[in-house]
Each structure stands twice: as C-alpha cells, then as structure tokens.
Amino acid sequence: MFFDSDLLMSALRALTPILLAALGGAVCERAGVFNIGLEGMMLMGCFTAVATSWFTGSPWLGVLAAALAAAAYSLILAVGTVTLRGDAVVLGVAMNLLAVGLTSFLLRTIFDVQGTFDDPSLTGLPLVGGFSPLAYLAWASVAVAALMLSRHVWGLRLRGVGEAPEAAATLGVSPARYKYAAVLVSGVLCGLAGAQLALGNVTLFSENMTAGRGWIAVVAVMLGRALPFGVLLAALLFGVAEAAGFRLQGLGLPQQATDAAPYVVTLGALFLSTAQRRRRTGRTTGVAS
C-alpha cells in the first residue's frame, strides 16, 4: 500500500524544517520585509548545530547555537533592508550564496573533510514518539504565531508596521524596531529548522544540505498568504511530496525523478494559486465595471 502510516510519519518529519523556516518568513512578510534568505539562514543553522554538537557532545547546545548563529546571520538582511534601505531580494540571494560558500569553507577548515561530515560520535536529537522535540515545537509554533498575530498587541503592531508604516509611526510605533525584531525571529526559526534538518532528520552535515528547502519555505509563505495555518497546509503539501518521492524511489523510479517531486509540486501549486488569484481579480473587475 502506497499511502500508509509510514508515509505519514515521513511526511511529518520532512514538514518540520520547512514549516519552521516558513513561519519565520511569514513573520517577516507581516512586517513588510520580503525574506528570501531563508535558505542561507537554514544552512548556517545546519552547520552550526552539527559543529557545536560535535565539539560539546550536546545536541541541545547545538540547537541553541544554531538559533543564535542564524539570528546573527539574519542581521545582514535587517541592516541592509531596514537601516540601509537596500533591496531585500538582492540581499536575500546574496545571503543564500554566501551561506553555501561559507559553510563549505568552514567544513574544510574545521573538520578537514569535503562534501559530508559524518562522525559516529556526533549526537543527534532524541526522538519522542518518532519525532524530535523540535517537531512538536514547530507544530505548537503555528498556534502561537496565529494567536500573536491576531490577538496580541505585538502582533497587531507588527501587522500595522507591514501594512502602513507611516501610520504606525504616527501612533508612536517604531517601524524599524519591529522590522528588526521580525527578521531576528525569522533567523531564530530558520536556525531551529537547520538544527532539525541536521540533527533531527539525519545526524550529519553535507554541503548545501538544505537543497532548496528554504526556497520551498518562501513558496509556502506565498501560498499560505503569510497566515500561520495557511503556511502549515502549504508546508504539509511539500512534506507529503518529499515523502512520496522517497517512497517512489524505493519502488524503483530514478533518484533524479523522485528528487524533483517537491519542486514539481511547488511549480504546480504556484501555477494554480496564480490562476486562482487572476480569476478572482477578473471577477472583481467585472463586478466593478
């Protein structure tokens, strides 16, 4: 049977890093910062989690270090877009490329290996019910983010900054401060996503191991319209696609075809979403005329 409990478990494990990163992107989107640097932040989290866990012997210190490192890395985007008024897209792409080169360089410098670092003494995250604690944290974060953005004064101000920064400023709210906070929260969540990928889903680091998951998280933000539960559904779609790809590979399909499954689903979802929005726009225009 193709669809069974094992496929569901695999999909939920694949979902976790995408969901954490996408929630970070959603927070940035609500603050008016388009963050496509999720991939680079995740990759920095992956390397920092593995390196710290290996040196200290504690995966939890690895998780903490990953969150802090990715948050520090996210300051490039915060300073560049908020303080220096730079282009967020250009900065995000640059951060992704820098992370690939920097982690590859550090892999060779610190561990004297190329490609993949996999050591028996490397300790991964414990499993509870088949999932790491970060998986449960990711699912809980959806509800917390939804409540914060819809009920809490901080979330309401954040949305106000993203929708009308000038109006928010007249009410005594600092748009720059909230944008900085949103980017830092995004960095922390991406760091946790990287730690889950490197110490939860597997226990190793390989060059460019995020393999486009950060870009998929960006698409999940777009499909979910930066709404926490919408992002969850979009991330779940991609998690199922990735798990199905592994299942099809076990049934004999070429690895290249199965590896492409999540990206085919991404393109299909974007196409359908765009077509639906254009249809709605056309109906609105027709009614107005």
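At what angle do the axes of helix H2 and helix H9 cross? They cross at roughly 135° and come within 7 Å. The model is predicted: local features need pLDDT of at least 70, side-chain atom pairs count only at pLDDT 80 or more, and totals for chains, interfaces and linings use all residues. Residues are numbered from 1 along each chain as its sequence is written, and side-chain values use heavy atoms, with hydrogens and water left out.

**Overall make-up**

- The chain contains 12 helices and 2 strands; helices (H or I, at least four residues) and strands (E, at least two) are DSSP runs, numbered from the N terminus.
- Read from the N terminus, the order of elements is α-α-α-α-β-α-α-α-α-β-α-α-α-α.
- Of the 289 residues in the chain, 46% are buried; buried means under 20% relative accessible area, exposed over 50%, and partly exposed in between (1.4 Å probe, protein chains only).
- Taking contacts between residues at least 6 apart in sequence, 77% join residues at least 24 apart; contact means heavy atoms within 4.5 Å.

**Helix H2 against helix H9**

- H2 covers residues 38-56 and H9 covers residues 213-223.
- The axes behind the angle are lines fitted to C-alpha atoms, for helices over the stretch in contact, and angles run from 0 to 180 degrees between N-to-C directions.
- H2 and H9 are therefore oblique to each other; angles under 35 degrees count as roughly parallel, over 145 as roughly antiparallel, 65 to 115 as roughly perpendicular, and the rest as oblique.
- The crossing of H2 and H9 is right-handed; a crossing is left-handed if the near helix is turned anticlockwise from the far one by less than a right angle, and right-handed if clockwise.
- H2 contributes Leu38, Glu39 and Met42 to the contact, and H9 contributes Arg213, Gly214, Trp215, Ala217 and Val218.
- By class, this contact has 5 nonpolar, 1 polar and 2 charged residues; Ala, Val, Leu, Ile, Met, Phe, Trp, Tyr, Cys and Pro count as nonpolar, Asp, Glu, Lys and Arg as charged, and the others, Gly among them, as polar.
- H9 is largely enclosed by the rest of the structure, because 8 of its 11 residues are buried.
- The buried residues of H9 are Arg213, Gly214, Ile216, Ala217, Val218, Val219, Ala220 and Val221.

**Helix H3 against helix H8**

- The axes of H3 and H8 are 7 Å apart, and the two helices pack at an angle of about 145°.
- H3 and H8 make a right-handed crossing.
- Their contact has 20 nonpolar, 4 polar and 1 charged residues.

**Nonpolar cores**

- In soluble globular proteins, nonpolar side chains tend to be buried together.
- The largest nonpolar core has 63 residues; such a core is a set of buried Ala, Val, Leu, Ile, Met, Phe, Trp, Tyr and Cys residues joined through side-chain atoms within 4.5 Å.
- Leu19, Val50, Leu77, Leu192, Phe205, Met209 and Phe238 have the most contacts inside the largest core.
- At least two residues of this core come from each of helix H1 (5-30), H2, helix H3 (59-83), helix H4 (88-111), helix H5 (133-150), helix H8 (175-201), H9 and helix H10 (228-250).
- Leu192 is in contact with Leu20, Val63, Ala67, Leu134 and Leu137, leaving aside neighbours within four places in sequence.
- Another core, of 9 residues, lies apart from the largest one and includes Val27, Val161, Val173 and Tyr178.

- Met41 is found in helix H2 and is buried, with a relative accessible area of 0%.
- The C-alpha atoms of Met41 and Ala70 are separated by 5.2 Å, although the residues are 29 apart along the chain.
- Not counting residues up to four places away in sequence, Met41 touches Asn35, Ala70, Tyr73, Ser74, Leu77, Met95, Ser186, Gly187 and Cys190.
- Ser132 sits in the loop between strand E1 (116-117) and H5 and is buried at 3% relative accessible area.

**Positive phi values**

- Most residues other than glycine have a negative phi.
- Arg85, in the loop between H3 and H4, has a positive phi near 60°.
- Arg85 counts as exposed, at 72% relative accessibility.
- Arg225 lies in the loop between H9 and H10 and has a positive phi of about 55° although it is not a glycine.
- At 45% relative accessibility, Arg225 counts as partly exposed.
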